[in-house]
Amino acid sequence: MDLNFPLPPSVTLATGPNGLPRLEIATPLAEAHLYLHGAHVTHYRAHGQEPLLFLSARSRFEAGRPIRGGVPLVFPWFGAKAGDAAAPAHGVARIRPWALESAQESEDEVVLTLRLEADADSHNDTPAEWTLRHRVRIGSRLTMELEVENHGATPFTCEEAWHTYFHVADVREVALRGLQGVAYSTAIEEPHHAQQQEEPLRFSRETDRVYHHTSGPYQIEDPGLKRRICIEKSGAPSAIVWNPWVAKARAMEDFGDDEWPHMLCVETGSVGPDRLEIAPGAAHHARTQLWAEAL
Ligand code: BG6
């Protein structure tokens with residue numbers, strides 16, 4: 001990869017599995033890995049802490065395929081694309097090479113901005129002309145910002161999410177707080193639409209719920225790792241909570257059969273009824289901040 005600007009001292013351009021270019025960030029406050037493929041953060045660890053993110057040992061690292069774990073980016077649709085069986089699940093952003101637009105460093109953080117443009121293979125419904133930017137801030141917290149610009153002549157409707165895989169000791173022992181009273185949809189439980197009563201949410205089976213109109217914050221309490229993961233967000237009113245459990249884990253070829261206890265996805269974005277409609281010439285901004293504190 002050719003860059004026409006120098007990288008700051010804390011950032012190295014390295015080569016990950018299968019030759020995929022990866023930015024490695026190491027500062028006194030934190031370390032992280034960021035692939036140009038998907039603008040995908042696969043690793044973040046604040047100084048003195050356990051890694052925040054889960055990354056499957058069975059993940060593919062291949063052009064055109066998503067990485068399993070870390071923070072895949074969902075855009076411009078969530079799940080399967082209605083009416084387009086050939087469209088890739090969760091959109092094109094996570095399977096494309098992105099351009100590194102800028103890299104800066106201050107005392108508190110390293111800031112990397114990556115860019116993806118719409119093209120003829122983006123499965124657009126209309127001749128969409130969008131630019132997506134992912135700004136990743138590596139400091140004592142992991143902060144990510146998504147900016148979607150519509151520079152077309154018609155409104156652009158899209159969905160987006162940070163599909164974050166958190167690393168937990170055992171999902172059966174964790175408690176997720178912050179979703180009480182929030183309405184959700186799920187294809188795998190009856191009823192398919194409900195309002196969450198329980199607080200905290202605990203996990204004893206496959207879970208796949210999309211919560212709407214929720215501002216957060218959320219916390220994952222993990223007694224095994226003796227920590228509380230904190231999730232704050234803005235401009236991203238959906239939360240998706242997912243763990244594949246036993247059978248689904250076995251069915252996924254890029255996920256180990258025994259890995260499901262060690263991850264919990266708490267995703268943040270704008271999907272379903274929270275989808276974005278961006279006027280011509282307008283932009284949408286979303287931000288999430290993740291960190292862990294001792295329990
Ligand atoms: C979640 C969805 O966001 O992503 C699940 O709610 C899906 O239904 C999961 O199984 C993983 O998707 P993928 O495409 O990365 O295997």
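Predicted model: local features only at pLDDT ≥ 70, side-chain atom pairs only at ≥ 80, totals over all residues.
In what order do the four strands of the open sheet run, and is their pairing parallel or antiparallel? The order is 1-2-3-4, and the pairing is antiparallel.

From one strand to the next, the twist averages 15 degrees. Within the sheet, strand 2, residues 21–26, runs antiparallel to strand 3, residues 30–35, and five bridges join the two.

I turn next to strands 6, 7 and 8. Strand 6 covers residues 99–105 and pairs with strand 7 in the antiparallel sense, over six bridges. These two strands form a hairpin, with four residues between them. On its way onward, strand 7 also pairs with strand 8, residues 130–138, again in the antiparallel sense and over eight bridges. A99 has R115 of strand 7 as its bridge partner, and R115 in turn is partnered by R133 in strand 8. How many of the eight residues of strand 7 are buried? Six are, so strand 7, residues 110–117, is largely enclosed by the rest of the structure.

The aromatic residues are my next topic. The structure holds nine aromatic pairs. One of them joins Y165 and W242 in an edge-to-face arrangement, with 6.1 Å between the centres and 90 degrees between the planes. This pair links distant parts of the chain: Y165 belongs to strand 12, residues 165–167, and W242 to strand 19, residues 238–243, 77 residues apart. Are these two residues buried or exposed? Y165 counts as buried because its relative accessibility is 1%, and W242 counts as buried because its value is 7%.

Another pair is formed by W245 and W260, and it is tilted, at 4.4 Å centre to centre and 35 degrees between the planes. W245 lies in helix 1, residues 245–251, whereas W260 lies in the loop between helix 1 and strand 20, 15 residues apart. Both of these tryptophans are buried. Returning to Y165 and W242, I note that they form one aromatic cluster together with F54 and F255.

Two charged side chains also lie over aromatic rings. The charged end of R141 sits over the ring of W291, 3.5 Å from its centre. K81 lies over the face of W77, at 5.4 Å from the ring centre.

Where is S59 found? S59 is in the loop between strand 4 and strand 5, the latter being residues 73–74. With a relative accessible area of 11%, S59 falls under the 20% cut-off and is therefore buried. A polar atom of the S59 side chain lies 2.9 Å from the backbone nitrogen of R68. Leaving aside residues up to four places away in sequence, S59 touches I67, R68 and D254.

To close, I return to two of these features: strand 7, which is paired with strand 6 and with strand 8, and the aromatic cluster of F54, Y165, W242 and F255. Thank you.

Technical notes
Residues numbered from 1 in each chain as written. Heavy atoms only, no water. Phe/Tyr/Trp six-rings, centres within 6.5 Å; stacked < 30°, edge-to-face > 60°. Buried < 20%, exposed > 50% of the residue type's maximum accessible area, 1.4 Å probe, protein only. Lys NZ or Arg CZ within 6 Å of the ring centre and 35° of its normal. Pairing = 2+ DSSP bridges. Axes fitted to C-alpha atoms, helices over the stretch in contact; angles between N-to-C directions. Polar contact = N/O pair within 3.5 Å; in protein donor to acceptor, adjacent residues only side chain to side chain. Contact = heavy atoms within 4.5 Å.
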